[in-house]
Amino acid sequence: MDGAIFMGGGGEDYRTKQGLLMKYANRHGLVAGATGTGKTVTLQIMAESFAAQGVPVFMSDVKGDLSGLAKAGSAGFKLHDAFTSRAEKIGFDDYTYEAFPVTFWDLFGEQGHPIRTTVTEMGPLLLSRLLELTDAQEGVLNIAFRVSDEQGLPLLDLKDLQALLVWVGENAKELSLRYGNVSTTSVGAIQRALLVLENQGGYKLFGEPALDLADIIRTDIDGRGRISILASDKLMGAPRLYATFLLWLLSELFEELPEVGDPEKPKLVFFFDEAHLLFDDAPKALVDKVEQVARLIRSKGVGIYFITQNPADVPEDILGQLGNRVQHALRAFTGRDRKELKQAAETYRDNPRFSTEDAIREVGVGEAVTSFLEAKGAPGVVERTLIRPPSSQLGPIEAGERKALIDASPIAGKYETLQDRESAYEVLTKRATDAAKEAEEAERRETEAEETLTLREFNTGRRYTGAEADKPNSRRRSRKSDEGFSEAVVNVVIKELKGTTGRRIVRGIFGSLFKGR
């Protein structure tokens, strides 16, 4: 189909081509359906089609199945006959097996290139969402970010933020006068949340080199768009981390990409799988931010496609912006299920040939109810569509094949070595070290002065003669006892300075900030 990606065949005989117009692909979309109804294959064929037309794709691989995009399907595959039969049935005459250019990413650096951002780039709003902070705790985190900006303390990784929060807690009284209440209880709660995130492996998300957006907006040497696949099977063990990272990536695209208006085809297509995780228990401020990004990012040439089990998982204000839809089967066993099914059907433009509600309930695996934007951006009539078969391998590739592709990637070696340049942790550590040295030097000078004064007093003190020693009230001392007492006093003074005064000086300036480091 010219200027469109071929999605499958519709109509009574499934010979009517159903396609998504490229010039409206940045108007966003929805792929929904119950588990096992074919959403993953739909994602695969959409990624193939966009890549074939030179559009880069970013997608998360929640089940570990999408790595097959990097390898062509084969005639020996058990579904080969079914695929070729379906291609013939829908008029997919040029159906062939083909591999596509893929870049593998992994937040944990195990199944792809490491992908990172900095704490500063993440920002307090998303970080608060990630850590599940209360309003009061989020306020303290905002103060920490302000202190970071004003004092030139870069926040690159978690240890930077942890060190800064300790400093904020130690200086809570002074900061409260300027910014409002800084509760040490809130600081402690944030530190505990950071510890939980660290234990989940989230610390690997933060650091440098940070992701260069140009590396996910690449085309291959043959002009096809590269498909960036984020390994998410392990990441889903921390669903809040998964959702927050993808939202951060969308925000970065929104902030950094230039305006392009309505391009003939998108600059990037972004698939957000398990989209309900983004909105579960999300505060209104966050939902408003997602809505703003979804509304405005299309002018940057980016199309967002939310993948979820039920359209009801997506807030109505955002759902209304999703013009291109592929709805796989929904189950309706309970009253609530039937109500949600009816609501989903009401969002489509009716087709007089069938009931949309019945069609959504009845479509089989690999079949869907579709509606795509037509001329002037108007929604097309809903249609039952038999989704075309994929050209790449269905299912994951072998671990060895994946490693070979990672090693041969055009960005191989760029992100693998973690960098740790001077940032908040190092700056605060240096301040503490310098202050400790100054305190130690002051202690040494004070000790020397006290020692000198004590020796002078005893060396120039009054000496008693033998005649005086005979007097009833005189104290008899030998020269040896004078010297012994003098040394004892000096030792007491030095011990007091070293054991108490010096520690008070350091604690008074920095508290326990870097104790034991």
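1. Contact here means heavy atoms within 4.5 Å. Please keep in mind that this is a predicted model, where local features need pLDDT of at least 70 and side-chain atom pairs count only at pLDDT 80 or more, while totals for chains, interfaces and linings use all residues. Residues are numbered from 1 along each chain as its sequence is written, and side-chain values use heavy atoms, with hydrogens and water left out.

2. Now for the overall make-up. The protein chain has 17 helices and 12 strands; these are DSSP runs numbered from the N terminus, helices being H or I with at least four residues and strands E with at least two. Of its 517 residues, 51% count as buried, that is, under 20% relative accessible area with a 1.4 Å probe, protein chains only.

3. Strand β5 (residues 102-106) is worth a look, as five of its five residues are buried. Val 102, Phe 104 and Asp 106 point one way from β5, while Thr 103 and Trp 105 point the other way.

4. Which strands pair with β5? One is β7 (residues 227-231), joined in the parallel sense over four bridges, with Trp 105 standing opposite Leu 230. Another is β6 (residues 113-114), also parallel, over two bridges; there Asp 106 has Pro 114 as its bridge partner. Strands count as paired if DSSP finds at least two bridges between them.

5. Next, a helix pair. Helix α3 (residues 119-131) packs against helix α8 (residues 239-256) at an angle of about 150 degrees, with the axes 10 Å apart. The axes are lines fitted to C-alpha atoms over the stretch in contact, and angles run from 0 to 180 degrees between N-to-C directions. Angles over 145 degrees count as roughly antiparallel, so that is the description for α3 and α8.

6. Who meets whom between these helices? From α3 come Glu 121, Met 122, Leu 126, Arg 129 and Leu 130, and their partners in α8 include Leu 241, Leu 247 and Trp 248. By class, the contact of α3 with α8 has six nonpolar, two polar and four charged residues.

7. Finally, is Gln 327 buried or exposed? Gln 327, found in strand β10 (residues 324-327), is buried, with a relative accessible area of 0%. Leaving aside residues up to four places away in sequence, Gln 327 touches Ala 32, Gly 33, Pro 311, Tyr 348, Ile 360, Ala 368 and Val 369.

Technical notes
Buried means under 20% relative accessible area, exposed over 50%, partly exposed in between (1.4 Å probe, protein chains only). Angles under 35 degrees count as roughly parallel, over 145 as roughly antiparallel, 65 to 115 as roughly perpendicular and the rest as oblique. Ala, Val, Leu, Ile, Met, Phe, Trp, Tyr, Cys and Pro count as nonpolar, Asp, Glu, Lys and Arg as charged, and the others, Gly among them, as polar.
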